[in-house]
Number of protein chains: 4
Amino acid sequence: MNTATLLISCPDRKGLSAAIANFLYTYNANIVHSDQHQDNSENLFLMRVEWDLADFTLDMSAFTAAFQPIADRFDMHWTVALSAQRPRMAIFVSKYDHCLVDLLHRHQSGELHCDIPLVISNHEDCRALAEFYGVPYHVVEVNKDNKAEAEAKQRELLQAHGVDLIVLARYMQVLSHEFTGAYPQKVINIHHSFLPAFDGAKPYHRAFARGVKLIGATSHYVTEVLDDGPIIEQDVIRISHRDDVDELVLKGRDLERVVLSRAVKWHLAHRVLVYSNKTVIFA
Amino acid sequence: MNTATLLISCPDRKGLSAAIANFLYTYNANIVHSDQHQDNSENLFLMRVEWDLADFTLDMSAFTAAFQPIADRFDMHWTVALSAQRPRMAIFVSKYDHCLVDLLHRHQSGELHCDIPLVISNHEDCRALAEFYGVPYHVVEVNKDNKAEAEAKQRELLQAHGVDLIVLARYMQVLSHEFTGAYPQKVINIHHSFLPAFDGAKPYHRAFARGVKLIGATSHYVTEVLDDGPIIEQDVIRISHRDDVDELVLKGRDLERVVLSRAVKWHLAHRVLVYSNKTVIFA
Amino acid sequence: MNTATLLISCPDRKGLSAAIANFLYTYNANIVHSDQHQDNSENLFLMRVEWDLADFTLDMSAFTAAFQPIADRFDMHWTVALSAQRPRMAIFVSKYDHCLVDLLHRHQSGELHCDIPLVISNHEDCRALAEFYGVPYHVVEVNKDNKAEAEAKQRELLQAHGVDLIVLARYMQVLSHEFTGAYPQKVINIHHSFLPAFDGAKPYHRAFARGVKLIGATSHYVTEVLDDGPIIEQDVIRISHRDDVDELVLKGRDLERVVLSRAVKWHLAHRVLVYSNKTVIFA
Amino acid sequence: MNTATLLISCPDRKGLSAAIANFLYTYNANIVHSDQHQDNSENLFLMRVEWDLADFTLDMSAFTAAFQPIADRFDMHWTVALSAQRPRMAIFVSKYDHCLVDLLHRHQSGELHCDIPLVISNHEDCRALAEFYGVPYHVVEVNKDNKAEAEAKQRELLQAHGVDLIVLARYMQVLSHEFTGAYPQKVINIHHSFLPAFDGAKPYHRAFARGVKLIGATSHYVTEVLDDGPIIEQDVIRISHRDDVDELVLKGRDLERVVLSRAVKWHLAHRVLVYSNKTVIFA
């Protein structure tokens with residue numbers, strides 16, 4: 001199905017729903033998914049609506065001109081996305097390949113609605129895997145002296161390939177503020193703990209030392225503050241005293257994979273709306 | 001807040017959302033919750049919308065007359081409920097009191113939006129508990145010979161107390177078709193298994209014998225077919241070989257309580273919509 | 001069944017299992033539960049063994065004298081507990097009664113192997129509830145000026161009633177180091193977050209502000225450092241953007257109840273062994 | 001570490017633990033994991049003990065002769081396995097490759113302690129994947145007329161490769177009783193439902209039709225009765241009315257992968273003991 005998806009956030013006001021519904025009905029939209037949310041603590045209205053373009057009588061190239069008056073009237077932040085335009089996703093990886101293999105396999109099986117023009121890594125290790133799935137693999141070495149230069153190379157690659165979304169699939173380098181600032185809400189990371197617990201380094205070791213009874217993983221948009229961006233998805237798994245740190249790492253990998261994949265999938269389906277450093281998931 | 005809640009199901013058609021939104025906007029409704037769903041396999045549109053009555057310019061006594069034309073146009077099944085009209089809930093119980101104490105305590109703490117005019121039981125055991133929470137307790141003995149007579153007494157009590165909802169809180173008698181037929185989608189049961197597994201008698205014993213690794217509980221509307229009505233909520237908990245049947249019963253009780261309470265709460269908040277022997281939960 | 005339970009921790013050494021098994025066999029013990037664990041990172045051996053006293057040929061009053069030579073040989077920390085000696089548990093509560101009602105109901109239904117000689121509170125609110133379950137209720141007012149005096153009164157009450165275990169069932173006062181120091185591994189608290197996330201005050205508000213996708217509850221032994229003692233049990237529940245802070249509080253209550261009850265139950269069954277600020281649960 | 005693992009089941013009798021512990025101590029075993037369980041309803045004793053062979057003074061070739069007298073005395077069923085002898089695992093697959101890729105990736109990353117000499121399929125689809133991971137891929141076509149012949153070929157391949165364990169990774173053919181009878185407790189299947197619910201065909205469609213609120217996956221040993229063998233592992237995931245059958249299939253895949261992998265891993269680590277058509281997992 002060929003669809004368009006509108007994501008809206010604005011101050012909550014009477015007549016909002018009617019204005020949007022009437023606009024879509026005027027052009028004969030066949031709505032296939034609609035979900036909305038009011039955050040009363042911030043008096044905010046948030047909405048996702050997706051419609052079939054088959055019978056839609058407004059040409060999408062004229063959509064902005066037609067919709068902007070309504071957006072202005074209600075002070076909307078809004079975006080519209082077309083299913084026909086597949087987002088272009090780059091995957092960053094270091095040596096751990098469990099998230100990479102998961103993303104590539106899901107992509108191949110049609111689960112992720114995107115193109116993957118390249119994988120970028122600071123190591124050679126995952127080349128064979130990426131190339132097996134037909135994705136070009138670029139190594140950009142990073143060390144403590146060449147960080148700025150390395151990021152310049154990475155950003156050149158991203159621009160050359162028209163990348164819309166960057167997924168850090170256990171990429172072990174911290175990106176600079178300049179880098180992440182250039183891709184607001186377009187860099188998704190997987191952190192191997194239940195944030196905000198155990199942010200920063202070695203979360204499994206610290207979870208083991210603290211004696212927690214569950215471990216977690218968190219997928220979030222990357223912001224300037226480490227491990228502090230809007231959380232997209234989290235999950236946990238029960239552990240016991242029988243699990244040493246190595247076993248936590250193994251159990252955690254299964255979480256990391258599935259939590260990151262859910263987040264990526266929702267982002268690609270335009271189901272994530274960010275406000276106040278948190279997310280609404282229209283799933 | 002004084003609100004009205006509209007629950008709608010009808011064939012999915014263009015213009016539905018606009019018609020409803022315009023109707024509400026015409027009378028200056030301040031929408032506080034709106035959620036809708038399309039079941040594409042049945043071409044069905046399902047919606048819940050709740051609005052603050054403070055600024056609503058249509059008197060609710062005139063609501064049906066005003067809304068029916070729209071309902072007719074779209075072949076809607078619909079109901080409207082007012083938060084000012086508290087549903088009246090009867091609890092049926094036998095000897096196990098863990099669900100009863102949970103419901104009574106939640107009610108006392110303001111979590112359940114209803115009145116509880118009476119508890120009906122086939123045993124004396126739970127009288128002190130009900131009366132501690134200020135709820136009259138009626139014993140209607142049931143045996144294999146007096147079933148029809150007992151149900152007649154029960155129904156008399158229910159009518160005398162204007163009951164809208166019956167909750168079977170581990171009530172160990174099977175109600176007749178006549179009884180449940182008189183209260184369609186108004187009798188909520190808790191079954192102590194993950195339905196459809198282990199429907200019928202002694203589910204914990206059978207779960208133990210089968211060697212399952214998780215046990216469950218299921219809350220559903222009661223229909224003519226035993227343990228087959230629309231499921232409102234389910235949950236599970238992990239067990240191990242260390243758990244004997246007695247331990248399954250104890251772990252299961254914690255599930256039964258919370259699963260039944262969620263179902264009751266959603267029903268009372270008009271968040272449950274039934275179609276095709278299943279439910280949409282607008283939670 | 002009349003049983004004895006031995007809890008042991010010591011440096012891991014060859015011959016340990018054989019020494020313990022032989023000791024028990026010598027006196028004709030019928031073992032009903034045995035579980036052991038090696039923590040390789042600390043070279044520690046931890047064990048729980050429970051046996052039926054019916055055929056046991058050693059009088060339990062002579063147990064220490066008979067077992068101490070083995071304990072000395074292997075540098076054991078050890079305790080032995082008799083099922084015939086029911087622990088005496090005090091519950092501390094403030095105004096929230098959801099954990100209190102859960103503990104009292106479980107106790108009444110035979111799920112908690114203990115006596116509850118008293119409930120201590122800084123408010124009158126829960127008196128009727130405690131007294132309905134036949135438990136004397138003592139109010140000890142606490143304010144910023146009388147803390148030491150209040151704790152003196154509380155400790156007097158605890159001693160007068162021979163209390164072995166103190167459960168803080170959402171008791172909203174912080175106990176002094178003197179107090180908790182006098183009851184090492186004998187004060188169990190429920191904290192309404194997934195520790196170490198959101199330790200301290202207002203965890204649900206902070207969870208809402210951070211936008212987490214799951215909330216949790218943690219039961220732990222109280223130590224000198226706030227919310228830092230050995231964790232006995234934790235659990236989480238999924239939330240969504242539809243849940244405001246009030247809803248988090250309600251969902252959290254269900255977690256608090258069940259997490260605290262599990263911890264208390266395991267403690268009373270001598271299934272918890274503490275080392276290195278964490279716990280082994282022999283469940 | 002070079003270890004031996006003993007799995008024992010026998011009638012529960014006094015002196016069992018002592019006899020086993022003494023035997024191991026006599027030969028200077030350094031125990032690294034020991035776990036036991038009493039099933040009181042069947043008066044059964046079940047045990048797993050694993051020890052480091054570094055200091056063990058009994059040559060493992062003489063183990064049976066040395067241990068058999070104890071086994072005879074207590075009527076034991078027992079097996080001993082050496083970590084130095086890697087089990088040989090065959091994977092059967094049809095067209096769905098999500099479980100296959102998961103097993104192959106875990107194997108490559110060292111998570112599964114086994115060799116994988118071959119993959120057998122009734123289709124060509126997964127050849128590239130298997131070969132990427134360096135595993136020979138054999139196609140044995142199966143149709144309604146050649147079943148016996150096909151199984152004969154499969155069994156020839158299994159024997160030629162010395163296979164100890166067969167994993168049915170969404171293999172869509174039902175094996176004959178002759179086949180499964182030849183590999184008792186050596187064929188592990190993944191069924192895409194929470195058994196015993198929705199055994200047989202099309203479980204996701206039936207789960208959707210029944211309106212369940214959670215879907216599951218079950219890994220079990222294959223026996224003569226379809227979907228009725230001893231359950232090794234199960235897990236579930238929450239679904240909502242928003243999930244259509246296609247979405248159930250996708251969510252289910254994530255369960256199938258992880259549930260099957262856990263079962264395989266436990267089997268390979270000799271952590272599974274079967275009795276009375278159920279399993280004890282010494283995890």
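Student: What makes two strands pair?
Tutor: Two strands pair if DSSP finds at least two bridges between them. Strands themselves (E, at least two residues) and helices (H or I, at least four) are DSSP runs, numbered from the N terminus.

Student: And what am I looking at?
Tutor: This is a predicted model, where local features need pLDDT of at least 70 and side-chain atom pairs count only at pLDDT 80 or more. Residues are numbered from 1 along each chain, and chains are lettered from A.

Student: What is the strand order in the open sheet of chain B?
Tutor: E7-E6-E5-E8-E9-E10-E11, seven strands with mixed pairing. The edge strands are E7 (137–139) and E11 (231–238) of chain B, each pairing on one side only. The twist averages 20° from one strand to the next.

Student: Do E6(B) and E7(B) run parallel or antiparallel?
Tutor: Parallel, with three bridges joining E6 (residues 115–121) of chain B to E7(B). B:Ser121 has B:Val139 in E7(B) as its bridge partner.

Student: Switching to helices. At what angle do H3 and H8 of chain B cross?
Tutor: Roughly 45°, and the axes of H3 (residues 98–108) and H8 (residues 245–268) come within 9 Å. Axes are lines fitted to C-alpha atoms over the stretch in contact, with angles from 0 to 180 degrees between N-to-C directions. So H3(B) is oblique to H8(B).

Student: Left-handed or right-handed?
Tutor: The crossing of H3(B) and H8(B) is right-handed: the near helix is turned clockwise from the far one by less than a right angle.

Technical notes:
Side-chain values use heavy atoms; hydrogens and water are left out. Angles under 35 degrees count as roughly parallel, over 145 as roughly antiparallel, 65 to 115 as roughly perpendicular and the rest as oblique.
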